[in-house]
Amino acid sequence: MTDGMRLRQVRKSFGPIEVIHGVDLVVGEGEFVVFVGPSGCGKSTLLRMIAGLEEVSDGDIEIGGKDVTDLDPSQRGIAMVFQSYALYPHMSVRENLGFGLSMANVPKAEIAVQVDAAAKILKIEPLLDRRPGQLSGGQRQRVAIGRAIVRKPQVFLFDEPLSNLDAELRVSMRIEIARLHRELGNTMVYVTHDQTEAMTLADKIVVLRDGVIEQVGTPREVYEHPANTFVAGFIGSPRMNLLDAAGQGAGKVLAAGAEIDVPTIAAAGSGKVTVGLRPEHLVLTASAPGTLKATVDFFEYLGGTRYLYCQLPDGQSLVAEQRDGDDLAAGETVHFTWKPKDLRLFNPQGLKLV
Amino acid sequence: MTSPALTLAVPASSRRRRARMGQWQGLLYIAPAMALVIVFFVIPVLFTFWMSFHDWPLLGQPEWIGLGNYVRLLTDTRFLSSLRFTAYYTVITTIAIFVVAFPLAIFVEKQRRGVGFYRTVFFMPVVVGLATASLLWVWLANVDSGLIGPAIRMMGFAGKKVNLLATFDSAFWTIIVMVVWKVAGFTMIILLTGLQSIPVELNEAARIDGAGSWQRFRHLTLPLMRRTIALALILSVTGSVLAFDQFYIMTSGGPQNRMISVVYYIFNQSFVSFHLGYGSALSIALLGILIVLSVVQLRLLRVGDDK
């Protein structure tokens, strides 16, 4: 696999405050990479550093095997789609799409060909002579993507491109972007705080927190095998239940008064551990040893799914997702079980225990 | 707010009465402003317009002469030369103000250390009155006790005494420098608001599109600041066309009476020679010229057809 992009010990400081702490990342050619993380985690800053809009304090950025760390944004082989679209309001759609080429002194006839080609891909031909102010949010977003396509970049950069759209449009644009990636086959780097976008679009998810990469992996890896409690809690909605527990020697932990088997772990020791259980893996069952006893606090019916918000005997809270079954009233006592393979265990530092 | 049910219960006539009451209330609110505009602008303009059709001496009966004053001003060489001088002054000052104010605006737009200090310093001369500033510069340009002339001499650029206000050129440029010093801060603030209204992402997108700083200025900043530039331009042109204080105070019409601006000429005709009717006709002509200039500027900058 050739390199689409490579970050090596990339750091960024604003004055004395370092916000990106030595990020290493390899992105394969044609890969769709999504940066996710809570606000303030540095995902947008990292993207802007790749774009060249933010100076790199330390480290190197390579795109297509070429060191671009000190290059001008226009010379990096990137194109960027902004959250606010950033269309030039005084130019027609056609001029917006062709602006980059006209700055590069490409002949007019050539620009027209390129602009028409991009407009065709995005089905915005009828809009070419309008101004951005006359377009809807979704149309503006298409134009913004079109402007990126015209640049024929090696890497597309998306900075929360769907955040300003309404929910319905967001879904259709998401599918559109996925289609675009399949058709164009370029490397794409996409920043979002929306998990659905991350899970559906990404070949590779990069979870960031406080300027540090917490985990890199396919959506499945990140969801099913979170590297630590942060990733476990961040990816998935509702979030994974993380229960304080104590190791009970060989293959057993004590959580909320229940002795739980953890056969995958040879010896959990006797220290503190955290048990991770996804809401959809919790199954209602009859009272038995090794099950979790809980009291229903709140029951939510959402049609296809229902959520049980429960409290455990020691006060910890637990969310369970059910596909069917009767409504449950607050105050009822229930018991949960799960498949042993679905249980995750983390050490006191929050790291995954294998 | 009345509920819909209540509104329905009220008879139509009373509802109409209330609507009429609301209209009177609205009028009441704008009455003070209207009164000021009418008393100090509309009536004087109408009265000036009325006067312009008369031979109106300071003492004695005004005499209706129809368009006589207007016919006269078309062939009045002194008026035409004052018009020429004013046009020359307006072009030079406006260019000079923009040449200074635009870089200043760009300089103080960026968040940098002490930007508030710079903005304040550049704006400070604006709060000085024009007459005061003129007096100050008369002193600065004084041949013996001033600052500029003696300083030029001390630094060895001139052998003999330098009297800046003695020749047309040096007096003219002294006035230009004074006006730029006095007005550029104001234009800077107007341009600054225009610069700040351009979203940062637009410039970033243009950087990615490969536009250099000059191209970004030419293709983004300037077009997006059209309205702001139009405002600054009209204010600057109007202010220059109406220039009077600096010529009256600094040069008294200047070497060989070559610095008589239009307003200065109107002043001379009205309050020195007491041709009040002719002065009025000149004022109305000037008003017409200003309106035409403003409309032309708005047209040229195509303000209003953004969509």
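The following questions and answers concern a predicted model and the terms used to describe it.

In this predicted model, local features need pLDDT of at least 70 and side-chain atom pairs count only at pLDDT 80 or more, while totals for chains, interfaces and linings use all residues. Residues are numbered from 1 along each chain as its sequence is written, chains are lettered from A and ligands numbered from 1 in the order in which they are written, and side-chain values use heavy atoms, without hydrogens and water.

Q: What makes strand β3 of chain A mostly covered?
A: Buried means under 20% relative accessible area (exposed is over 50%, partly exposed in between; 1.4 Å probe, protein chains only). Five of the five residues of β3(A), residues 32–36, are buried, so the strand counts as mostly covered. Phe32(A), Val34(A) and Val36(A) point one way, and Val33(A) and Phe35(A) the other.

Q: Why is β3(A) said to pair with strand β8 (residues 187–191) of chain A?
A: Strands (E, at least two residues) and helices (H or I, at least four) are DSSP runs, numbered from the N terminus. Two strands pair if DSSP finds at least two bridges between them; four bridges join β3(A) to β8(A), so the two pair, and they run parallel. Tyr190(A) in β8(A) is the bridge partner of Val34(A).

Q: Why are the buried residues of α6(B) said to line one face of the helix?
A: In α6(B), residues 130–140, the buried residues are Ala133(B), Ser134(B), Trp137(B) and Leu140(B). Seen down the helix axis, they fall within an arc of 115 degrees (taken from the directions from the axis to the C-beta atoms), so they line one face.
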